[in-house]
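Student: I've got a structure open and I'd like to learn how to read its helices. Can you walk me through a few features?

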Amino acid sequence: MERYICIHGHFYQPPRENPWLEAVEIQDSAHPYHDWNERVTAECYAPNSAARIVDGDGRVMDIVSIYARISFNFGPTLLSWMESFAPEIYQSILLADRQSIEWRSGHGNAIAQVYNHMIMPLASERDKRSQVIWGIRDFESRFGRFPEGMWLAETAVDLDTLEVLAEEGIRFTILAPHQADKVRKLGGTKWRNVRGANIDPSMAYLCRLPSGRKINIFFYDGTISQAVAFEKLLNRGEEFAHRLLSGFSEFRQWPQLLHIATDGETYGHHHKYGDMALAYALNYLEENGLARITNYGEYLEKHPPVQEVRILENTSWSCCHGTERWQSDCGCNSGGNPGWNQAWRAPLRSALDMLRDRLAEGYALKAGEYLRDPWFARDDYISVVLDRSEETIDTFIRRHALRELTRDELPEVFGLLEIQRQSMLMYTSCGWFFDEISGLETTQILKYAGRAIQLAEKLLPGTYEESFLETLSEAESNLPEYENGQRVYEAFVKPSMIDLVKVGAHYAVSSVFEDYIDEAEIYSYRIDREEFHQLGSGQSVFAVGKINIRSTVTLESGDVSFCVVYFGNHAVYGGVRSFLGEQEFETMKNETLKVFADGDLAEIVRLMDRHFGMHNYSVRDLFRDEQRKILGLMTDKALTDFDQQYLKLYENSRGLMGILRDTGTPVQGRFITTAEIALNLELRKSFEMERVDLEGVGRILAEMKDWNVSLDFVDLEFLIRRKIERMMEKFRGNPENTDPLEELCRLMEFFAEIPVELNYWKTQNIWFEMAKTEYARFFAYSHAGEENGVRWVEEFGKLGDLLGFATQIVIPGS
């Protein structure tokens with residue numbers, strides 16, 4: 001009988017965007033990357049777009065796309081981030097789906113996901129529908145086709161959710177084996193109990209729904225999926241392949257489907273080189289004709305269900321108590337904090353449910369003044385979320401407005417719709433998954449709630465925050481310093497809240513450090529500079545002006561006036577407020593300009609206090625990324641001075657340290673610390689040079705070894721990797737010039753001898769691409785006896801060898 005294998009990867013990161021800025025801000029815990037999206041992309045999503053297949057010696061024989069060979073889904077919010085910040089990887093995912101359509105009988109590998117990973121059995125009826133519709137629409141906008149399947153967050157399921165999937169045209173979903181209740185043959189009468197994960201996972205099942213609709217369900221192989229995720233099955237690709245094959249049975253008399261499902265991050269992020277094990281396993285299975293690699297859509301077309309199933313409602317793949325992990329202290333947690341409890345989960349959900357219902361009631365009444373059907377408009381709002389162009393906004397308004405809306409009414413309409421978007425984002429499942437209410441994932445969903453509350457208290461009658469916090473205060477933290485959910489909200493959410501004046505404050509303070517054009521963008525805000533004056537005197541810089549700020553999300557806009565002075569070092573003082581009129585602005589402007597020109601800085605501060613009152617701002621009020629950038633500028637001089645002092649101290653002490661060591665006298669720790677800092681600085685400077693002095697680098701490394709001081713491995717690897725990648729990009733841009741190629745070979749030979757494990761992933765990709773696109777041309781030049789061609793072929797093959805390629809396979813004849 002035929003044997004099919006399907007691997008499913010659920011690729012997902014929780015939304016991390018600041019809900020006021022619509023951007024992921026810097027996360028120091030992800031160092032050396034900007035944030036965790038970027039880090040997991042580097043460790044997982046990128047490697048799976050170009051996974052290595054290696055030989056027995058660990059040399060690369062081929063580079064393949066995992067996405068073109070497995071079934072997968074990506075969280076829509078993750079793809080949205082990737083489209084802007086990892087566009088090459090994003091495009092490779094879309095391309096892989098198109099390739100899979102050609103390979104899999106017209107069925108693409110990609111399936112959709114409920115929009116922001118909401119636990120569907122715990123969602124309201126409206127949210128269920130919007131999550132599915134938004135997931136479908138997002139998928140269509142990216143992959144250019146309707147999704148056959150849809151992934152449910154945590155595979156959490158109930159019949160109502162399946163009804164929505166079926167009604168919206170979804171053909172199948174994927175569940176864990178323990179979520180099946182009973183099965184029977186199609187047309188049969190007798191049900192067989194399969195509780196306890198006793199369902200046969202080797203086929204598709206039909207699920208008949210109460211409405212009369214139907215949906216297909218695949219139940220993955222739980223034992224092998226568990227081994228992939230939590231055992232060491234990804235250590236060797238061939239072992240992985242044989243473990244997959246062990247899921248087949250000679251006693252089954254039908255075309256068997258062996259399929260597993262895990263978090264996609266298993267392949268590379270959770271298990272380093274897991275992508276390579278997967279690539280090898282799939283290649284091994286196909287090359288040896290052991291099974292046909294397929295996806296769910298293809299298998300379903302070729303082998304429709306012959307049995308039907310009933311599900312166990314309110315179950316999931318990651319909580320043995322059903323869906324309790326997202327609403328109670330069920331005992332499921334990360335296991336890393338003994339003695340903690342998760343009793344906070346219940347009041348958190350209660351607070352959000354109460355807020356959601358009040359927001360829904362207020363939205364329906366208020367939006368009903370502008371929109372024909374507020375809930376249909378909410379379902380369609382995903383079109384604007386995906387494309388906030390004026391054309392899309394105009395189309396949306398023409399489709400849904402009761403009448404022609406004024407310019408002042410549009411911000412109300414989109415503010416109301418944003419209340420609803422934020423009220424869905426606040427149910428992202430990760431908020432309950434981990435151990436502590438003050439954790440990053442929970443504070444993130446509280447920020448979505450905070451944004452919804454801020455908009456509601458501006459656009460809807462009544463107050464929302466007070467009652468929300470009253471219920472949230474019942475959620476007790478495991479950490480004494482936070483006490484409860486209310487304190488967590490006050491510590492992490494309230495300081496994050498932004499309005500137009502705070503955006504203006506960011507613009508004002510940063511304007512003395514960088515030049516803005518007349519029409520600038522700061523995250524999700526557009527800034528039109530209406531008037532701006534800047535003066536300098538010594539270290540001091542003074543700026544005064546007025547700007548118009550417009551949110552690209554809600555379309556809210558307003559004029560802001562400001563005055564800011566930079567005294568040098570870290571001292572910045574600014575006044576910012578809503579524009580009070582031309583006369584007031586002209587008076588403030590003229591007075592402050594004159595006083596600064598006179599050099600009376602103390603009087604400037606008094607004038608700013610008089611004109612702006614308590615509306616004062618400093619570097620502390622900058623958004624995190626710009627704040628980090630400006631603080632970097634402020635500290636650069638001090639750090640440069642420190643660096644010079646350390647280098648001087650080490651240079652002056654080197655001889656003495658040598659004598660102490662040679663005479664057997666202990667070298668004091670302060671000497672060793674100075675040596676470590678100074679030598680790492682010298683090493684960094686060496687690699688920042690256009691042409692690296694390898695002899696000098698060798699000397700530095702030898703000294704570090706002599707003094708037994710540590711290399712700054714993380715920063716050094718990042719620096720060297722980026723340098724190599726830039727050189728490889730330069731070579732790709734002008735392949736006729738062999739100078740960069742020869743320099744790359746020189747560096748790579750040296751790097752093979754230093755104690756730093758370098759990540760050559762991107763460099764290898766470029767080399768592999770050029771081996772396919774450029775090598776034949778230069779090989780022909782070489783064969784014709786052209787000197788440059790001979791040198792190119794020789795050096796290119798040498799570089800491939802240094803990068804770890806089995807060059808005789810990748811470029812035959814090399």
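Tutor: Let's start with helix length. Helices here are DSSP runs of H or I, at least four residues, numbered from the N terminus.

Student: What should I know about the model itself?

Tutor: It's predicted: local features need pLDDT of at least 70, side-chain atom pairs count only at pLDDT 80 or more, and totals for chains, interfaces and linings use all residues. Residues are numbered from 1 along each chain as its sequence is written, and side-chain values use heavy atoms, leaving out hydrogens and water.

Student: Which residues of H27 are buried?

Tutor: Buried means under 20% relative accessible area, exposed over 50%, and partly exposed in between (1.4 Å probe, protein chains only). In H27 the buried ones include Trp 761, Ile 766, Trp 767 and Phe 768.

Student: Where is Arg 137, and why does Arg 137 count as partly exposed?

Tutor: Arg 137 sits in helix H4, and it counts as partly exposed because its relative accessibility is 27%.

Student: What does Arg 137 touch beyond its sequence neighbours?

Tutor: Contact means heavy atoms within 4.5 Å. Leaving aside neighbours within four places in sequence, Arg 137 is in contact with Asp 379, Asp 380, Ile 382, Ser 383 and Leu 386. Take Asp 380: 243 residues away in sequence, yet 8.9 Å from Arg 137 in space, C-alpha to C-alpha.

Conventions. Helices (H or I, at least four residues) and strands (E, at least two) are DSSP runs, numbered from the N terminus.
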